[in-house]
Every structure is written in C-alpha cells, then in structure tokens.
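Keep the structure in view as you read.

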Amino acid sequence: MEGTLDRSTTPGTLRLEGGLEVESAAELQALLLEALASGEPIQIALEAITGADVTGLQLLTAAERAAQARGAAWIRSGVLPDSLRRAV
C-alpha cells in the first residue's frame, strides 16, 4: 500500500494505492491519523485500491467515523474499484 497526503488543495486529498490489508495496517493507520489530525475536511481517493481485507475496511470506517465525530468532512472521491466493492 502506498499513500500520499496533499494539503495544498482544499479540501486536502489522501490518495491510497495498492492493497489495504493487514500487512499494511500500521502504515494505513498512520496515514489516516495524519489526515485527521488537522480537523480540516479531507478528500479520500480510493480508485487505485487493488484489494482490501477486513483490517483495511475497519481502518477506513473508523477514520470516517472519527472525522464525523469531530465535525470534519470526509469526502470519498472517484469511483470505488471493483476490488474494494468485492471486499465490502
């Protein structure tokens, strides 16, 4: 899994690529916490995800709920790839 956080845009954009699986859980969690840290709206781009397991899905769901609890917008952009739809 690779991810980049771009705060030069409004809202900031978190782009995730590759697999969101248990092997990359620590890296994914760190990126999600970084994206949430400012409390600003964040757009999450998931179209380059190639697969996911329950751990990846749990981390994405927890991040979205944390953003909502803080009153920050959590905006999913682009089309969800089939690999992510199958995992869900």
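This is a predicted model: local features need pLDDT of at least 70, side-chain atom pairs count only at pLDDT 80 or more; totals for chains, interfaces and linings use all residues.

**Helix H2 and its surroundings**

Start with helix H2, residues 54-69. Its 16 residues reach 22 Å from the first C-alpha to the last, close to the 22 Å expected at 1.5 Å a residue.

Now look at what is hidden. Gly56, Leu57, Leu59, Leu60, Ala63, Glu64 and Ala67 are the buried residues of H2. Seen down the helix axis, they fall within an arc of 165°, so they line one face of H2. An α-helix has 3.6 residues a turn, so residues three or four places apart point the same way.

What do the buried residues of H2 pack against? Their partners are strands E2 (12-20), E3 (42-52) and E4 (74-77), together with helices H1 (25-37) and H3 (82-87). Turn to the face of H2 that points away from this buried side. Val54, Gln58, Arg65, Gln68 and Ala69 sit there, and they are exposed.

Next, check the ends. Just after H2 comes glycine 71, with a positive phi of about 80°.

Finally, move on to the loop between E4 and H3, where valine 79 is found. Is valine 79 buried or exposed? Its relative accessibility is 61%, so valine 79 counts as exposed. Leaving aside residues up to four places away in sequence, valine 79 touches Glu47 and Arg85. Alanine 48 is 31 residues from valine 79 along the chain, and their C-alpha atoms are separated by 9.5 Å.

Note on methods:
Residues are numbered from 1 along each chain as its sequence is written. Side-chain values use heavy atoms; hydrogens and water are left out. Helices (H or I, at least four residues) and strands (E, at least two) are DSSP runs, numbered from the N terminus. The expected span of a helix is 1.5 Å times one less than its number of residues. Buried means under 20% relative accessible area, exposed over 50%, partly exposed in between (1.4 Å probe, protein chains only). The arc is that of the directions from the helix axis to the C-beta atoms. Contact means heavy atoms within 4.5 Å.
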